[in-house]
Amino acid sequence: MATTGTRDFGAAGETPAWRLKPYELAPPGHKYAVVVDGFRHSDFDPAVGDAEFGARGAALRKLQLQFWAGVLRGDRAAFDALAGEAKTSTQSDPVWLRRG
């Protein structure tokens, strides 16, 4: 699972798209990419009550926990849930999930 934000630029000017290269280069299978609208590199773990980023952070954590449940526990239901969310997720969502 590659994760970036729309404002997640690297120290040498790398773009958010650059941060998704591992996703693009990985073989097909249980690979996912998440793009969080408005997030910078330091924004990925906001407090739940954070007025600006709390809801997006909670949505990201949910996806991450599902992914790791699938990978580490072999939880097929977790992968199925992720695949379902990826099918309905669009680039205009605050937290955009893609599956490859």
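**Helices over a sheet**

Tutor: Helix α3 (residues 54–73) lies across β1, β2 and β3, at about 170 degrees to β2. This is a predicted model, where local features need pLDDT of at least 70, side-chain atom pairs count only at pLDDT 80 or more, and totals for chains, interfaces and linings use all residues. Residues are numbered from 1 along each chain as its sequence is written, and side-chain values use heavy atoms, leaving out hydrogens and water.

Student: What makes β1 and β3 edge strands?
Tutor: The open sheet has the order β1-β2-β3, with mixed pairing. β1 (2–5) and β3 (95–99) each pair on one side only.

Student: How do you know that β2 pairs with β3?
Tutor: Pairing takes at least two bridges found by DSSP. Strand β2 (residues 32–36) has 5 bridges to β3, so they pair, and they run antiparallel. Ala33 stands opposite Arg98 in β3.

Student: Why are α3 and α4 called oblique to each other?
Tutor: They pack at an angle of about 140 degrees, with their axes 8 Å apart. Under 35 degrees is roughly parallel, over 145 roughly antiparallel, 65 to 115 roughly perpendicular, and the rest oblique. α3 and α4 are therefore oblique.

Student: Which residues of α4 make that contact?
Tutor: With contact meaning heavy atoms within 4.5 Å, α4 brings Ala78, Phe79, Ala81, Leu82 and Glu85. Among those from α3 are Leu63, Phe67 and Val71.

Terms used:
Helices (H or I, at least four residues) and strands (E, at least two) are DSSP runs, numbered from the N terminus. Axes are lines fitted to C-alpha atoms, for helices over the stretch in contact, and angles run from 0 to 180 degrees between N-to-C directions.
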